[in-house]
Amino acid sequence: MPETAHDTAELLRRLQGAFRPGDRAVMEKVNSMPSDGHMQAFRFGENFGVLQGLLAGLGIPYDFASPQAWQKRVGALPKEKGDRKNALKAFAQRRYPHLKVTLATADALAMLAVLSEGKSHPAKPEGLSWIDEV
């Protein structure tokens, strides 16, 4: 995610032009972890709220997807977080071989791939050069 709310707003305005009728943004519905410190948990919630508010303010329709729901559609994944992240990165790289997939972008690209399956116009991020900026 961009560093500031203003940067996030600018990114969403740029993406808004690529939306087609019926497209919706999807936010991962997650909670802070018990091991997170108070400040980290607050920042996490703040970022979630900023993103939700910007989507609503720009008139971009959005839904939520739990990690369990979208990861189930990827297939069997390792239980250990590091191994799971690497498996998601490999999955995303197979789906989008023309993109530079990193551990920072792998979840978003994997979620994009599985949630766009079966759509009349599946998401094709080849025109989204910003993915390497995130």
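**Helix packing and nonpolar cores: exercises**

In this predicted model, the axes of helix 4 (residues 81–95) and helix 5 (residues 103–115) come within 8 Å and cross at roughly 60 degrees. Local features need pLDDT of at least 70, side-chain atom pairs count only at pLDDT 80 or more, and totals for chains, interfaces and linings use all residues. Residues are numbered from 1 along each chain as its sequence is written, and side-chain values use heavy atoms, without hydrogens and water.

**Exercise 1.** State what orientation helix 4 has to helix 5.

*Solution.*
- The crossing angle is roughly 60 degrees.
- Angles under 35 degrees count as roughly parallel, over 145 as roughly antiparallel, 65 to 115 as roughly perpendicular and the rest as oblique.
- Helix 4 is therefore oblique to helix 5.
- The crossing of the two helices is left-handed.

**Exercise 2.** Identify which residues of helix 4 and helix 5 meet.

*Solution.*
- Contact means heavy atoms within 4.5 Å.
- From helix 4, Lys85, Asn86, Leu88, Lys89, Phe91, Ala92 and Arg95 meet Leu103, Ala106, Asp107, Leu109, Ala110, Ala113 and Val114 in helix 5.
- By class, the residues of this contact are 9 nonpolar, 1 polar and 4 charged.

**Exercise 3.** Find which residues touch the most other members of the largest nonpolar core.

*Solution.*
- A nonpolar core is a set of buried Ala, Val, Leu, Ile, Met, Phe, Trp, Tyr and Cys residues joined through side-chain atoms within 4.5 Å; buried means under 20% relative accessible area (1.4 Å probe, protein chains only).
- Among the 15 residues of the largest core, these are Trp70, Val74, Phe91 and Leu109.
- At least two residues each come from helix 3 (67–74), helix 4 and helix 5.
- Helix 5 gives the largest share, 6 residues.
- A separate core of 8 residues includes Leu11, Leu12, Leu15 and Leu55.

Definitions and conventions. Axes are lines fitted to C-alpha atoms, for helices over the stretch in contact, and angles run from 0 to 180 degrees between N-to-C directions. Helices (H or I, at least four residues) and strands (E, at least two) are DSSP runs, numbered from the N terminus. A crossing is left-handed if the near helix is turned anticlockwise from the far one by less than a right angle, and right-handed if clockwise. Ala, Val, Leu, Ile, Met, Phe, Trp, Tyr, Cys and Pro count as nonpolar, Asp, Glu, Lys and Arg as charged, and the others, Gly among them, as polar. Buried means under 20% relative accessible area, exposed over 50%, partly exposed in between (1.4 Å probe, protein chains only).
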